[in-house]
Amino acid sequence: MSSSLARKSIKQNYSPPSLEVLSLMQEYRGMTNDAIRIGIANNNLSNLKKLSQLTYKELKHYKDIPSCYKLCAISKAAGILASRKKSIWRGYPTRDPYVKRPLLVSCYRFKIVNGKLRIPLAKRKYEFIPLNNHTLKILESDKTLNVRSFTLTQTSLSLCIAKQVPEISHDEIHSVIGIDRNLRNLSIGNRSLVTYYDMTKIVKIGENTKDIVESFKRNDVRIRRKIASKYGRRRKARIGTILNMISKDVVERALVTQSAIIFEDIRFIRSMYRKGNFQGRHFRHQMNNNWQYGEIKRQTEYKARWEGVPVIHLTKSETRGTSSNCYICGERLQSNRDRKRQLWCWKCGKWFDRDLVAIMNISHRGWVRFAQSHNVKGIGREAVVSEHERRDEPLIRIVDPMKLCQREKGKDLV
Ligand SMILES: [Zn+2]
């Protein structure tokens with residue numbers, strides 16, 4: 001049975017650090033910024049090995065700090081430089097990066113002793129940071145868990161935890177769950193069952209935040225920015241909670257029904273909603289600010305990996321036409337102004353729900369890909385086609401994500 005390494009992190013609050021820890025954090029920040037500077041000076045170098053060869057000796061004057069932090073600082077800098085490179089490649093305006101806040105990251109020489117995190121300050125000198133109940137509960141829940149690294153900021157402590165997860169073998173996969181990400185709902189499912197998660201609340205939160213920020217009329221860029229970032233954080237937290245409940249439910253459902261999760265490829269779709277595309281301002285704002293398609297994918301992916309649920313990504317060409325072609329006959333569907341979110345197939349002579357069409361196509365293409373690449377026994381290509389030609393309508397459920405947290409675990413699934 002194959003297994004893969006799954007990672008996630010636990011975050012907890014951390015009381016203001018002692019002066020020694022704070023000075024360590026400041027030094028760490030200095031080292032990272034030095035490494036970034038060297039990387040930029042050397043033709044945007046972001047390769048960890050080359051960067052550490054160049055940088056390690058330059059960091060000689062940081063004498064008080066244990067050497068384990070040096071490597072981590074260089075690795076942090078390499079990460080920052082790599083993401084800068086990516087931004088440049090994607091054409092975003094970038095400034096020279098700079099770590100502003102003090103922090104401390106290390107994957108070496110720390111230990112968890114008696115419910116406390118022990119980190120080195122100097123030779124044979126340690127700082128003990130108490131872990132809270134939530135963190136300890138997670139660490140004790142699974143003996144195979146491995147703490148890979150810690151990140152300390154002035155207010156929080158994060159532990160990166162990892163474990164080997166046995167993947168559900170291909171013979172055990174019985175179906176697929178396609179995921180279609182829309183502005184106002186997330187629809188998941190396959191030919192037998194489709195679930196809509198209502199996400200209008202997320203759009204409302206976005207609109208609300210926009211109204212609040214716009215209502216501040218003081219003409220001062222710095223204060224406006226501060227207020228905007230405060231409400232932006234609030235918005236992110238509120239939306240994050242809802243998305244968390246949805247992604248958790250999706251993965252649980254996939255686990256119970258032994259399904260693989262299918263995502264379509266909609267990267268760069270925001271370029272469809274740029275100025276000059278004959279779309280209204282309001283519509284473009286909705287699609288660019290309130291459509292949370294990346295975050296839901298990120299959350300679902302890491303949760304799926306943690307549970308060993310396989311995730312299949314359709315390619316760009318496999319994604320093409322998923323929301324505009326009929327799932328029964330394959331004909332291109334026609335939209336009508338009066339019938340919102342409905343599409344007409346002249347061959348079948350029927351109106352289809354837009355989200356349903358997308359979900360059917362995505363799950364079918366995902367299943368074809370899965371069956372082909374794993375030579376699923378007894379469910380060869382022919383079987384897939386005949387499954388495709390089945391014309392009965394799937395069962396449809398509508399779920400309010402706000403009620404998901406009240407549901408008992410594992411209950412009311414399938
Ligand atoms: Zn049709």
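1. Let me start with S247: the residue is buried, with 24 other C-beta atoms within 10 Å. The cut-off for calling a residue buried is 20 or more such atoms, so S247 qualifies. Keep in mind that this is a predicted model.

2. Where does S247 sit? S247 is found in helix α6, which covers residues 221-256. Leaving out residues up to four places away in sequence, S247 touches I296, Q299, T300 and K303. Helix α8 spans residues 293-307, so the contacts of S247 listed above can be looked up there. On the overall layout, the chain splits into domain 1 (3-166) and domain 2 (170-406). The centres of domain 1 and domain 2, taken over C-alpha atoms, lie 34 Å apart. How many residues make the contact between them? On the domain 1 side there are 5, and these are in contact with 4 residues of domain 2.

3. As for what domain 1 brings to that contact, β1 (3-13) and β7 (156-166) are the elements that give two or more residues to the side touching domain 2. β1 gives the most, with 3 residues. By class, that side of domain 1 has 3 nonpolar, 1 polar and 1 charged residues.

4. β1 and β7 also turn up together in a sheet. This open sheet has 4 strands in the order β1-β7-β6-β2, and the pairing is antiparallel. β1 and β2 (104-106) are the edge strands, each pairing on one side only. From one strand to the next, the twist averages 20 degrees.

5. For a closer look at the β1/β7 pair, the two strands run antiparallel and are joined by 11 bridges. If you want a spot to check by eye, S3 stands opposite P166 in β7.

6. Another open sheet is built from 6 strands, ordered β12-β11-β8-β9-β10-β16, with mixed pairing. Which strands stand at its edges? They are β12 (311-313) and β16 (395-399); each has a single partner strand, so one side of each is left without a neighbour in the sheet. The twist here averages 20 degrees from one strand to the next.

7. One place to look is G189, whose bridge partner in β10 is V194.

8. Now the helices on this sheet. α8 packs on the sheet and touches β8 (175-181), β9, β11 (259-263) and β12. The direction of α8 makes about 155 degrees with that of β11. α10 lies across β8, β9, β10, β11 and β12, and runs at about 135 degrees to β8.

9. α10 deserves a point of its own. Of its 21 residues, 15 are buried, so the helix is largely enclosed by the rest of the structure. Just after α10, N375 takes a positive phi of about 45 degrees.

Terms used. Residues numbered from 1 in each chain as written. Predicted model: local features only at pLDDT ≥ 70, side-chain atom pairs only at ≥ 80, totals over all residues. Buried ≥ 20, exposed ≤ 12 C-beta atoms within 10 Å, placed from the backbone. Domains from an automatic or database assignment. Contact = placed C-beta atoms within 7 Å. Nonpolar A, V, L, I, M, F, W, Y, C, P; charged D, E, K, R; others polar. Pairing = 2+ DSSP bridges. Axes fitted to C-alpha atoms, helices over the stretch in contact; angles between N-to-C directions.
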